[in-house]
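This briefing goes through one protein model topic by topic. Please keep the sequence and the structure open while reading.

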Amino acid sequence: MPEAADAVKPEGEGEAPAEDEVLPEGEEEAHQSQEITGLFLQHPETTVAVTGTDIVFTAKVDSTTLSRKPTIKWLKGKWLDLGSKAGKHMQFKETFDRATKIYTWDMKIIKVVPGDAGAYRCEVTSKDKCDSSAFDISVEAVNVEEEHDIMAAFKRTDAGEDEGSLDFSALLKATKKKKKPVVDEEKADVWEILKNAQPSEYEKIAFEYGITDLRGLLKRLKKMKTVEPKHSDAFLKRMESAYSVDKGKKIVLEVEVVDPNAQVKWLKNGQEIKSSAKYIIESVGNIRTLTINRCSLADDAAYECVIGEEKSFTEVFVKEPPVTITKLLDDYHVVVGERVEFEVEVSVEGAHVNWMFEDQELSRDSHKYRFKKDGMKHMLIIQEASLDDIGMYWCFTNGGRTKGELDVEEKELEVLQNIADLTVKAEDQAMFKCEVSDEKVTGKWLKDGVEVLPSSRIKLTHIGRIHRLTIDEVKPEDAGDYTFIPDGYALSLSAKLNFLEIKIDYVPRQDPPKIHLDTTGNMVSKNTIIVVAGNKLRLDVEISGEPPPTVVWAKGDTAITALEGRVRTENRKDLSCFVIEGAEREDEGNYSITVTNPAGEDKANLFVKIVDVPDCPENVKCTSVGEDCATMVWEPPKFDGGVPVTGYLMERKKKGSTRWTKLNFDVFEGVTYEAKRMIEGVLYEMRVYAVNGIGMSQPSLNSKPFMPIAATSEPLGLKVHDVTDTTCTLKWLAPEKIGAGGLDGYVIEYCKEGELPKIRLPRYLRQKYLRRVGDKINLTIPFQGKPRPKVQWYKDGEELDVRVASIRNSEVDSILFIRSAERSHSGKYELVLQIENMEARAILEIRIVETPGPPEVVKVTDVWGFNAALEWKPPKDDGNCEITGYTIQKADKKTNEWFTIYDHNRRTNCTASDLIMGNEYMFRVFSENLVGKSEDFCLSKDTAIIPKIGLEYNPPPFKEKDMQSAPKFIQPLLDRSVVAGYSTAISCAVRGFPKPKIRWLRNKIPLDENPRFLMQNNQGVLTLNIRKPSQYDGGKFTCKAINPLGEDVVECTLLVRGMDGGKGGGGRVGVEYRDGEMD
């Protein structure tokens, strides 16, 4: 080993000490011996060497427990194997002591140069065992005496991470010479000067430019100087070994390649990076760059640039800025019971802060304190301040702290309303009432110095700030002095209760009788009652009078004395009832009730009106028929049931059938109706119902049978068969369609010279021609006339625009063509043929239809039992044709599954039945027309809740279960085998209450402060994440759970397998630690 008595263990890339300190040689050896673990008996030591000197590093291994001879590797950095560098500058030596079976390896560096500085590692392997030891080499320049002496000693003031004190008394001496005047010159780049200077000139340059931290200067210069990399066929310039960037900033990784056309791949932790807004990959000439925008902690990783089999490695470290306090705590002065809210603002949203009271940290599990976080604001809330809360409160972040003082005063109790003396009579109520300023103050009541206890007659109440003492049915013994004393206050409120005794002589009371008639309910006007025939009428009339009066009910001049039967009276105390069971039309009339007693008489008159459904309509008959329609008329019913008739409902059936079909679902107000959609040649019968506000009448008598009949079509194939001087023989074919009325004969017409224009409109165009939106329309209209007639088309009275439809005319027909029908194509089209002053016209109506829009305003109008009544409005858009019905669906809010309850419902209302008790239902309605069902639906604005009636659940008494238990692992750790360099994780699960504290250990050494291991606890699932493990990260991992009731331990073994290192021979060997091998 070289002479390094003054060696200082610096911060390096391997093991970083907590602080820099100079250890004596004896203490340093003892410190090293305490850290020996695994296979090494002696570890290579970290050394600070002077340029040009020789240094030797020694490692020793005991082979008594090894089955094979151990092998050693000396590495620089992460991967550089120094075995290939053996020569004049670097020599290696191996010896073996047979007596002690100890292997000794020496690495000697001859004439150390600055390029030898860096982090080194020594790895020993033997079959399935492995150990590693890291050490650093720092190279300093040769000390040269300066011509001028400077300060005897100085300290670093702004060294940052290299903070500490240095003593250069051995190197520098103070001088009493005057300082030269400072010349204002252009600021030089000190780092560029240092890069190009010799190591012997470092002290001179540091003195000249005022650099006091020589050690920090040497460390930073070592980081800036890079070892000359070996020659690469792919890269002209590689990336630095590491980069540092602040969180949220941008960083650019750049390499220079040999071939400008070379394709590179960028990898992050071994995974290829794709170009995106986060990662921008650029290629300009020989330069390849990777730009990382808005760096986060997830970007703290290892990055590679790959060309073929060659790679350039680097690591990016993301630094989080310290959290500073932007708004300090305020002092508070409150009274007992008031709310206190300390508020502080920090520089980073969502940052973690700690709260302390005096010197005690506040726990978030406390019920007294409540912690609140709102963006950058953090609040500490004390709901009810007490005298124990007086003191100083602190808020800490990793970048600052602030304090606020809380002063609490005791609140005085004020009397807002004093109690007053009372004088009450026997059997009356006495109430003492007082009001104090604090609603939380309790107290007690005293009577003549004895505490008053509550009973069935005496009630003590405390509502807010008001305290009451209520005495019901006061007795003589209740008289006395009453006092209210608030708890915790030297205060009392007193008053006196006086009992007043009154003697009363009894005089019989006489009140004239009075009838209290309720004119609400089913009375449409005063003293008029409407009853539906068949319903029950029960009229309860309250009466008063002393002595109790005699009651007499009468209809007209006839008294009603029956106590039983369909019409009867029932008399009770202060109440008389008049009952009619199953009201009939004969029960209508004037009724009276008369009450009498010795003090007088009272009388009330009532008119009972019986309403019923109307009689059936009369004289239903058919007045005219068409091809598929018929016109029906009838007379209104003679008796409207006492309520005006609102309309009629019609039904039809085929003669001989018993099945009636409804023609309308909404009442029809007129007495003339055109029935459609009938079959030509079939006999039909019709009947009509009358409807009023009470209901629907019986059906009318059936109409006489009638048959829809259409006119026959025109004859076909008319031609001249023979012609003489005075005659002409004609022949033709029978009409294509004769119709149900049969053929009686033909009418023949003729004219001189030419042929009259005539349009032969096809039968299917003589009624409305319906087509869906988007359909193609191609109508051929044949006509005749000589000479060739002039053809003209009109739409809705105006000449047809050729942009609306295409027209093609020939000598015998005209074709109307629309490629894709739209709603705007609907209307009346008129074809006009003209020959001189003669013309023929034909009108056809085209209607383009589509599915309708959804209904409007679906609402639940009533809910009773297991039923719900719904109403809605027709859709604004009917799809250009008649709405044929509605589809109603229901869904309960628990499942949100929709079920159809009505299909093709023609009304705009319905009743949903068979709903389930305790559920809440939603409803939606679709509208339908000839085309189909609407695409959208209308959802009910409100819901129908079916309440639970008559159900009462008496839960069994609940006994709280003791949930406390010692920790117990319910899922153990499993042995794992991983590849070196790839992140991994091990996990287990634990249960226990109170929540156990978790500790992770590797080879019995705690991992609490190791940044390479991330420990997580999610609802009892414990995970240990290991970032890019190396061979010496393997071993026995232990997870320990501890709480006040006990502890539990679970273990596993992590095997780290090596991977081939390529040409460099830097392959790795898998390592597995067995029990006892790490001790």
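The notes below cover the chain as a whole, then strands, aromatic rings and charged side chains.

This is a predicted model, in which local features need pLDDT of at least 70, side-chain atom pairs count only at pLDDT 80 or more, and totals for chains, interfaces and linings use all residues. Residues are numbered from 1 along each chain as its sequence is written, and side-chain values use heavy atoms, with hydrogens and water left out.

**Whole chain**

- The chain contains four helices and 80 strands; helices (H or I, at least four residues) and strands (E, at least two) are DSSP runs numbered from the N terminus.
- Of its 1079 residues, 36% count as buried, where buried means under 20% relative accessible area, exposed means over 50%, and partly exposed lies in between (1.4 Å probe, protein chains only).
- About 66100 Å² of the chain is accessible surface, and carbon and sulfur atoms account for 49% of that; the areas come from the Shrake-Rupley method with a 1.4 Å probe, and for residues only the protein chains shown count as cover.
- Of the contacts between residues at least 6 apart in sequence, 61% join residues at least 24 apart, a contact being heavy atoms within 4.5 Å.

**Strand 7 and its partners**

- Strand 7 (residues 102–109) is largely enclosed by the rest of the structure, because six of its eight residues are buried.
- Strand 3 (residues 55–62) pairs with strand 7 in the antiparallel sense over eight bridges; two strands pair if DSSP finds at least two bridges between them.
- In this pairing, threonine 58 stands opposite aspartate 106 of strand 7.
- Strand 6 (residues 90–97) also runs antiparallel to strand 7, and eight bridges join the two.
- Phenylalanine 96 has tyrosine 103 in strand 7 as its bridge partner.
- Strands 6 and 7 form a hairpin with four residues between them, and lysine 101 in the turn has a positive phi of about 55°.

- An open sheet of five strands has the order 29-36-35-31-32, with mixed pairing.
- Its edge strands are strand 29 (422–425) and strand 32 (450–451), each of which pairs on one side only.
- Strand 29 and strand 36 (residues 493–500) run parallel and are joined by four bridges.
- Lysine 425 has leucine 500 of strand 36 as its bridge partner.

**Aromatic rings**

- The structure holds 21 aromatic pairs; rings of Phe, Tyr and Trp (its six-membered ring) pair if their centres lie within 6.5 Å, with planes under 30 degrees apart counted as stacked, over 60 as edge-to-face and the rest as tilted.
- The pair of tyrosine 120 and phenylalanine 135 is stacked, because the ring centres are 5.7 Å apart and the planes are at 15°.
- Tyrosine 120 lies in strand 8 (residues 118–126) and phenylalanine 135 in strand 9 (residues 129–140), so this pair ties together parts that are 15 residues apart in sequence.
- Tyrosine 120 is buried at 3% relative accessibility, and phenylalanine 135 is buried at 1%.
- Tryptophan 872 and tyrosine 886 form an edge-to-face pair, 5.5 Å centre to centre with 70° between the planes.
- Tryptophan 872 belongs to strand 65 (residues 867–873) and tyrosine 886 to strand 66 (residues 883–892), so the pair ties together parts 14 residues apart in sequence.
- Both tryptophan 872 and tyrosine 886 are buried.
- One aromatic cluster is formed by Phe57, Trp74, Tyr120 and Phe135.

**Charges over a ring**

- Lysine 653 lies over the face of tryptophan 660, at 5.4 Å from the ring centre; a charge sits over a ring if NZ of Lys or CZ of Arg is within 6 Å of the ring centre and within 35 degrees of the ring normal.
- Arginine 687 also lies over the face of tryptophan 660, at 4.0 Å from the ring centre.

**Salt bridges**

- There are 39 salt bridges in the structure, each a side-chain nitrogen of Lys or Arg within 4 Å of a carboxyl oxygen of Asp or Glu.
- Lysine 795 and aspartate 796 meet in a salt bridge at 3.3 Å, N to O; lysine 795 is buried at 16% relative accessibility, whereas aspartate 796 is partly exposed at 47%.
- Aspartate 801 and arginine 803 form a salt bridge at 2.9 Å, N to O; aspartate 801 is partly exposed at 29% and arginine 803 is exposed at 74%.
- A network of salt bridges links Lys536, Arg538, Asp540, Arg568, Glu570, Arg572 and Glu581.
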